[in-house]
Amino acid sequence: MSPQSTTLHARGLTRRFGAHTAVNNVDLELKRGEVLGFLGPNGAGKTTTMQMLTGNLAPTGGEVAVCGVDLLARPVDAKARIGYLPEVPPLYRELTVDEYLTLAVKLHRVPKRERRDAVARAKKRCGLTDVGRKLIGNLSKGYQQRVGIAQAIAHEPDLVVLDEPTVGLDPNQIREIRALVREIGGWHSVILSTHILSEVESICDRVQIMHHGNIVYSDTIAALKAFHSGRTVVLGLRRPPSEAELAAVPGVNTVERVDESHYRLQLTGECDPTEPLVARAVRDNWGLFHLAPAQTSLEDVFVNLTK
Amino acid sequence: MIFTIAAKELKSLFASPLAWMVLTAVQLITGYAFLKRLDDFLQIQPQLVQLASPPGVTELVVSPLYATAAMVLLFASPLLGMRLIAEERRNQTMVLLTSAPLSMTQIVIGKFLGLMLFLTLIVALVTAMPLSLAGSTSLDYGLLASLCAGLLLLAAGFAALSLYVSSLTAHPVAAAFGAFAALILMLLMSEAAGDGVRARGWHLPAALVQVFSPLKNFEPLGKGLVDTYALACSVLLVMVFLVLTVRRLDARRLRG
């Protein structure tokens, strides 16, 4: 794959703290313009992975390349292409938003004549234009979070790493930040760590689930939905037959009883059993009242993988 | 890039009450010491005239003033130094610098320089006092310059050590106290240690102990004497602690 289309390439990333392995053999790859959701329960190793990807923590093993630049061999060149918002935004409360963002672009080596534009653009994208002269310490938490994101994108990095950007915000702010992240994904590659599932479903192209330091699931959101929807149906019957009878219907693989009158049918995928099911239900008077494809949400996958 | 960090440190410093408090206190203390000394000098001046080669105002008033300023710096630098790394780590703002395309050396030198600019301002304010006498008496500018240089080197040593202790902990007050204790220990012990080592006949180690004796290195310059060995020791002290700080921060990245 050409280095232009791949912004992040990490292989075999491992981090041990003494005898404890926090991150074990993690592979990550990100293409330009992609938003990757990085999911996992608290303590799964998400933050440690992000610290390694942004050069804040040296990995015990493995390699990281940002746009083809090796982060371990040429950290300064690689870091210039990364924007990072840690879990706690690194904000200097005593500076104004303008001063702070100007400092951030200076530190990221934006040439002098482009700095003013870069700061103005970042402020506009993050909705900070009106608060440029305010002290960061006096802003609300939502605005502070936006300043943190503005800091991460102001120097036009190829890769933006956001560690739980919506933690501690109210629902309206969460919605705004999500829209912003989605928008940023149009220009940059984004890695978004979170433990909020709906967040990933609504804004990410791809999802990786981490558990106890290992990647336990990795696929696109679209594939996840396509794979599970239509493969499982939920059936509601007033006078249900035996499970063996249901399993005998062509196209049905396994039958699982959910409660008194509900069944979850795994389908073989070879033929659609809807018609024969309805026909049998009518003929044998099963009292069919519910038949719907089961929506397998990310939550199901997540719970299954991490319990 | 180093100057960007230094400017940021200076700006943050002046945005906090600490900087203004320190400046005020330094002015009050050194101002009092200066006026008291000047008063004493005016009283004994008639007797001084009778001496064959009487000491001038620079020797009798300005030298002690710089000794007082050195004392005040001993208290001020740990407090100012604790902000540089310990407080940044406590507030978790250090990440902005460590994820920017900067080397650890640039970060450390930038922070050191920021603190040094502030300490230079203190030295400049102290120097303004003797300069106010320039219109009414003749000053020994050579001695004044060497006092200035000596005080700056002393401040650099204090600053470098405070910066290093600041990198050891994420607790600012612990960092300040640690740096203060280390400075006092260094002042108390270095001379005795040097003598002890020399008494055993180890001449090179005895000479090296002087690196950790900032006051001893200040003495020659305080008398208007440019002793290159003392100068080299002062510079070495600063470098030792800056290198230690860089190593300490790198180790944090490696070990987590």
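## A first look

Which residue of E7(A) is the bridge partner of Gly83(A)? In this predicted model, that partner is Val160(A).

Chain A has 307 residues, and buried residues make up 50% of them. Its secondary structure comes to eleven helices and 14 strands. Along its principal axes, the C-alpha trace of chain A spans about 80 × 45 × 35 Å. Among contacts in chain A between residues at least 6 apart in sequence, 68% join residues at least 24 apart.

## The six-stranded sheet

Six strands of chain A form an open sheet with mixed pairing, in the order E6-E7-E8-E3-E9-E10. The edges belong to strand E6 (82-85) and strand E10 (214-220) of chain A; each has a single partner strand, so one side of each is left without a neighbour in the sheet. From one strand to the next, the twist averages 15°.

Back to the opening pair: E6(A) and strand E7 (residues 159-163) of chain A run parallel and are joined by four bridges. Helix H1 (residues 46-53) of chain A packs on the sheet, where it touches strand E3 (35-39), E6, E7, strand E8 (189-194) and strand E9 (206-211) of chain A. The direction of H1(A) makes about 150° with that of E8(A). H5(A) also packs on the sheet, touching E6 and E7 of chain A, and its direction makes about 165° with that of E6(A).

## Helix H3 and its cover

Next comes helix H3 (residues 97-107) of chain A. Its buried residues are Val97(A), Tyr100(A), Leu101(A), Leu103(A), Ala104(A), Val105(A) and Leu107(A). What covers them? The cover includes helix H4 (112-125) and helix H5 (141-153) of chain A, together with helix H1 (2-15) and helix H4 (94-98) of chain B. After H3(A) comes Arg109(A), whose phi is positive, near 60°.

## A buried glutamine

A polar atom of the Gln151(A) side chain lies 3.0 Å from the backbone oxygen of Gly148(A).

Leaving aside residues up to four places away in sequence, Gln151(A) touches Tyr84(A), Leu85(A), Pro90(A), Tyr100(A), Leu101(A), Ala104(A) and Leu96(B). Among these, Tyr100(A), Leu101(A) and Ala104(A) are also buried residues of H3(A).

## Where the two chains meet

The contact between the chains takes 26 residues from chain B and 26 residues from chain A. About 2,300 Å² of area is buried between them, and carbon and sulfur atoms give 65% of it. In chain B, Leu96(B), Pro101(B) and Arg253(B) lose the most area to chain A, together 31% of what that side buries.

How many salt bridges are counted between chain B and chain A? The count is one: Glu99(A) pairs with Lys11(B), with the closest N and O atoms 3.3 Å apart. There are also nine residue pairs in polar contact between the chains. On the side of chain B that touches chain A, the elements giving two or more residues are H1, helix H3 (57-90), H4 and helix H10 (228-255) of chain B. The largest share of that side, six residues, comes from H1(B).

Technical notes: Residues numbered from 1 in each chain as written. Chains lettered and ligands numbered in written order. Predicted model: local features only at pLDDT ≥ 70, side-chain atom pairs only at ≥ 80, totals over all residues. Heavy atoms only, no water. Buried < 20%, exposed > 50% of the residue type's maximum accessible area, 1.4 Å probe, protein only. Contact = heavy atoms within 4.5 Å. Pairing = 2+ DSSP bridges. Axes fitted to C-alpha atoms, helices over the stretch in contact; angles between N-to-C directions. Buried area = accessible area lost by both parts, 1.4 Å probe. Salt bridge = Lys/Arg side-chain N within 4 Å of Asp/Glu carboxyl O. Polar contact = N/O pair within 3.5 Å; in protein donor to acceptor, adjacent residues only side chain to side chain.
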